Amino acid sequence: MSTPASHRIPRGPRRHIAKAVAVLLILAAGLVTRLPEADLGDPARLQQRFAFERHQIASVAVDGRAEQRTVQPALTKIAAWLSGVGAGVALTDVSGEGRSADVCLSDPRTDTVTVSPAAGTGTRYSPFVLDPAPLPYDRDTMAPMGCLPADFTGDGRIDLLVYYWGRSPVLFLRAEDGTPRADAFVPTELVADGPDATDTGPPRWYTNAATTADVDGDGRLDLVVGNYFPDGARLLDPRAEGDAAMAMNDSMSRARNGGVNRLFRMSSATPGDRPEVVYEEVEDVFPADDSRAWTLAVGAHDLDGDLLPELYFGNDFGPDRLYRNDSTPGDVRLTPLSGEGGFTVPDSKVLGNDSFKGMGIDFADMTGDGRTDMVVSNISTSFGLMESHYAWVNTGGGLDSGTAPFRDDSDRLGVARTGWGWDVKFGDFDNDTTPELVQATGFVKGERDLWPQIAEMAMANDDLLKDDAWWPEHTTGWDLAGHQDDVLFVRAADGRWGDIGPLIGLDDQGVTRGVAVADVDGDGRLDFALARQWEASYLYRNTAAATGAALNLRLLLPPRGDEGDRVEQRLASGAEGEEMTGSPAVGATATVRLPDGRKLTSQVDGGNGHSGANAPELHFGLGDLPAGTELPVHLEWRDRDGAEQQTDLALTPGRWSVRLAGGAP
């Protein structure tokens, strides 16, 4: 039956009504599906649990200060984009205090790496710069990106590895005890020669992340290096013309033309006045396509309980990678795993098929079910690029199935969207047995908004991307996520997470890259450091009044040649009375059983993330536990020979050093 002409709505208004109805339906769907924000309770109570005092980190200038990098002439139109990384921070113990009271800062303003005492730990030595000389180093074409502490020689003293743009990493090996100073560290090439070396020095790599772990279980500390721009490129060389090696990413979601990711096995280590470490690269350990991902973050963590670390690569412009570790001593074997999708799960939310911008990785139990989860930073900027951070929640399946047992629950947990994310680090800052999460955000500060051009580029044909001529101009003055706030996520009673950054002073719109966590002053409360790009970097000392009890563990392997057959533990007394020496037992696991039956588990971190490195100590918040309560603590580790070991201890809250049993000398 036809509608009488007098009752018909004209075609023009009908079209507008249809659009209005569509908009209303979209808004209604958004309101229905929008998840509630976390209810974190009374702000005054939160300020009692979370309070921090900010201190600027020392940075020694050698040739003045800069605000942007000099790049090869062909790339000057995107010089600000290429100046977006280089700030890194690590918290460690170079002075033998028995606690991680020292800071190693990579500062792009000075293009130096400065070692200094952490604020609140006393003026124990003067800040100094790690100088690669006499190794080949050109400050006009090379720049430090981060600092990775570890005891590479196994003598019980912390060494430092610095990774760069424009050359391969340098090992600064500690040759002397006593007060830390520059000439106590001997610069040593990680890669002295080989097919990638240049005529005038080491190979030109563009490293943005590195971590240490005993990958093959032989009792030695191996190195995982994540590279970004193509090897051999002359990105920072103002004299470069027609650089054939240089290319931008060849895809927004599947780029595989970056620098080569590498894994190095330690073959020998010699401590002493002339320390030496020899590393050998493991060839073809990663699938060919994966090896040239544009990597910004790496992580190593044992996810299946065999004391062999799985490896995670956070990749820009393409899928991240999780590798199951099937290695045996001397034989590194890594199996790539992917997650499972489904009708309601887009490929971008499936681990291994994702297409976002992986820029940070850390591990913890986010849900309280006793299983290890993972958080990864991506880009999630409103009216910019709205991707999603990942909260890869462990579903409980085994790794031996060939499938990664993780699903992304970032929306449900409330951690999906904060901004342009970088490093992420967990830590129980209020000692209530539940971890919090610190996230660095922001890219490049300016006055003119570059997001429209970037959005246009993101929709362009992939074939155009690798040619920088098609990229929009990004020079000084253009802003790209340059006014975002760093984040401190806290878990609410209902399991959702909420940001209290403004409550503790993180609402200052810094542009941050690296995050590091440690109890620098030994007061039982975790502190954290933020490395900022083209700005001053800061240590945030924990001054909260209402925190619970804590158990802090330094798990140490005996110095090489001094291995014993028994486990020793000693209650530390802060800055005094701590004499137990040894190497951080990277990868060792501790499980603490609480009186209510819950178990808290953590592993010694070898430097996971983007450009931040946590202290190699374990910190367990214990809640309202009486000071003298004995807690069962189960320890598992590999000794100096790679043999699996375990023991059970009964420890009370406080700071403990535990020297683990070793194998034969």
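The model is predicted: local features need pLDDT of at least 70, side-chain atom pairs count only at pLDDT 80 or more, and totals for chains, interfaces and linings use all residues. Residues are numbered from 1 along each chain as its sequence is written, and side-chain values use heavy atoms, with hydrogens and water left out.

**Helix H6**

- Helix H6 spans residues 451–458; helices (H or I, at least four residues) and strands (E, at least two) are DSSP runs, numbered from the N terminus.
- Trp451, Ile454 and Met457 of H6 are buried, where buried means under 20% relative accessible area, exposed over 50% and partly exposed in between (1.4 Å probe, protein chains only).
- Seen down the axis of H6, these buried residues fall within an arc of 120°, so they line one face of the helix; the arc is that of the directions from the helix axis to the C-beta atoms.
- Exposed residues Pro452 and Glu456 sit on the face of H6 turned away from the buried side.
- The cover over the buried residues of H6 includes helix H3 (79–82), strand S24 (448–449) and helix H7 (462–465).

**Nonpolar cores**

- A nonpolar core is a set of buried Ala, Val, Leu, Ile, Met, Phe, Trp, Tyr and Cys residues joined through side-chain atoms within 4.5 Å.
- The largest nonpolar core has 81 residues, of which Trp81, Phe152, Phe229, Trp420 and Phe528 touch the most other members.
- A second, separate core holds 26 residues, including Ala588, Leu622, Leu651 and Ala661.
- Leaving aside neighbours within four places in sequence, Phe229 has contacts (heavy atoms within 4.5 Å) that include Leu82, Trp165, Tyr206, Met246 and Trp294.

**Salt bridges**

- There are 41 salt bridges, each a side-chain nitrogen of Lys or Arg within 4 Å of a carboxyl oxygen of Asp or Glu.
- Asp430 and Arg49 form a salt bridge at 2.7 Å, N to O.
- That pair links distant parts of the chain, 381 residues apart: Asp430 is in the loop between strand S22 (421–427) and strand S23 (436–441), and Arg49 is in helix H2 (residues 43–49).
- Asp430 is buried at 3% relative accessibility, and Arg49 is buried at 16%.
- Asp290 and Arg256 form a salt bridge with their closest N and O atoms 3.9 Å apart, and both residues are buried.
- Asp409 pairs with Arg412 in a salt bridge at 2.8 Å between the closest N and O atoms; Asp409 is buried at 8%, whereas Arg412 is partly exposed at 41%.
- Arg54, Asp486, Asp508 and Arg532 are linked in a salt-bridge network.
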